[in-house]
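Here is a short tour for a first look. Keep the sequence and the model side by side as you read.

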Amino acid sequence: MINWFEQYHSSAFISDLIKTQTHLFVAEEGIGANQLLENLLKKLLCENLTDENKTCNTCPSCRYLVDEHPNIRLIDKNLELKSDVITIDQIRELSSFIELASTSEHDKKIIFIKNTHYLTSSAANALLKNLEEPPNNTFFILLTSNLHKILPTIRSRATIHKLASPTNKQCEDYLKDEHPEAIKFLDLAERKPFLAIQMANNKELINSIVNIFLRGKSFDMMDVNESLLASGPQFFVDMMQKWIADLAHFKEFSTVYYYKNLLDQIELISNQLSYKELLNFYKKLIEYRRLSETTINKSIALDNLMIDYKRTFA
Ligand SMILES: [Zn+2]
């Protein structure tokens, strides 16, 4: 169990949850909110919760995975589109699901919207119509990492739950039991344990990215290729922003935030660059981040970025 979410597993919380039909959960990404909510949905639909308030794992409902469950509609950003949005069509498709009235208490229907801040304004307004008069036994569970991007009209209709991020100790205790190999990624993951787990699962990718950073101006452009973007351009930029931030931070304070196990190498590289050069490159990174959300040719954009990185050392 995710120990920092303990209070949300109590039977009191579950019975509170069904008193109102629209809930907005606010949580930082990477702290396990998706896992918590999927578990809560399964509890809401389970026909025989155990005495410890766990799902029975045997009733008809428990046999389904959340994303295949006939009583759950899961909505997330539209993967077919290049930009991060939830479209009005995705919300309109809910109507047949919502209109089919549920007949019994075990026939609860749940709409689970991940990344609710990606709703376009027309999609948000369409959703609002559903929230104004939800049919009996129909629940809207909304999740966001960005509360200020949610329409005030949606916020005011929802019960808001702000999920606290884990403390350092909670992160480490959880990972020690579940994913010990992820502990060393906690700094790079900014103390977000599920991001650390994702990083541990991608450690070969992370190694090849970091190896290029470490070589300063002497890395081989042949090693810069699309495989570095295997977890997406945003992931790559994020790693590089943290790298540059560490180089800059080291210049002033002789410590780093993210790549703590590379302190010696960071000292060497940081000494080759001026603060101004680092800042200039950082600006290019921000530009690349914006470009990579829209551009079709991601590998050319990456090549250009890495040529700039090389030049920074010239
Ligand atoms: Zn069950």
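The report below covers the sheet, the helices and the metal site. The model is predicted.

## The sheet

Five strands form an open sheet. Their order is S2-S3-S4-S1-S5, and the pairing is parallel. S2 and S5 (159–162) are the edge strands, each pairing on one side only. From one strand to the next, the twist averages 15 degrees.

Look at one pair. S2 and S3 (residues 109–113) run parallel and are joined by four bridges. Here leucine 74 stands opposite phenylalanine 112 in S3.

## Helices across the sheet

Helix H2 lies across S1 (22–26), S2, S3 and S4 (138–144). H2 runs at about 175 degrees to S3. Helix H5 (residues 121–132) lies across S1, S3 and S4. The angle between H5 and S4 is about 140 degrees.

## The zinc site

Which residues hold the zinc ion as protein donors? They are Cys46, Cys56, Cys59 and Cys62, each through its SG atom. These donors lie 2.3 to 2.4 Å from the zinc ion. The angles among the four donor atoms are 104 to 120 degrees, and the site is tetrahedral. Along the sequence, the donor residues are spaced C-x9-C-x2-C-x2-C.

Cysteine 46 and cysteine 59 both lie in the loop between H2 and S2 (72–75), so the pair ties together parts that are 13 residues apart in sequence. Cysteine 46 is buried, at a relative accessible area of 6%. Cysteine 59 is buried as well, at 4%.

## Helix H8: mostly covered

Helix H8 (residues 193–201) has nine residues, and seven of them are buried. Those seven are Pro193, Phe194, Leu195, Ala196, Ile197, Met199 and Ala200. What covers them includes helix H2 (33–45), helix H7 (168–178), H9 and H10.

Helix H11 spans residues 263–271. Its buried residues are Ile266, Ile269 and Ser270. Seen down the axis of H11, these residues fall within an arc of 100 degrees, so they line one face of the helix. An α-helix has 3.6 residues a turn, so residues three or four places apart point the same way.

What does the face of H11 turned away from its buried side carry? That face has the exposed residues Asp264, Leu268 and Asn271. On the buried side, the cover includes helix H9 (203–214) and helix H10 (233–253). H9 and H10 are also among the elements that cover the buried residues of H8.

Notes:
Residues numbered from 1 in each chain as written. Predicted model: local features only at pLDDT ≥ 70, side-chain atom pairs only at ≥ 80, totals over all residues. Heavy atoms only, no water. Buried < 20%, exposed > 50% of the residue type's maximum accessible area, 1.4 Å probe, protein only. Helix = DSSP H or I, 4+ residues; strand = E, 2+ residues; numbered from the N terminus. Arc of directions from axis to C-beta. Contact = heavy atoms within 4.5 Å. Donors = N, O, S within 2.8 Å, 3.2 Å for Na, K, Ca; no water. Tetrahedral: all angles 85-135°; square planar, octahedral: opposite > 155°, others 65-115°. Pairing = 2+ DSSP bridges. Axes fitted to C-alpha atoms, helices over the stretch in contact; angles between N-to-C directions.
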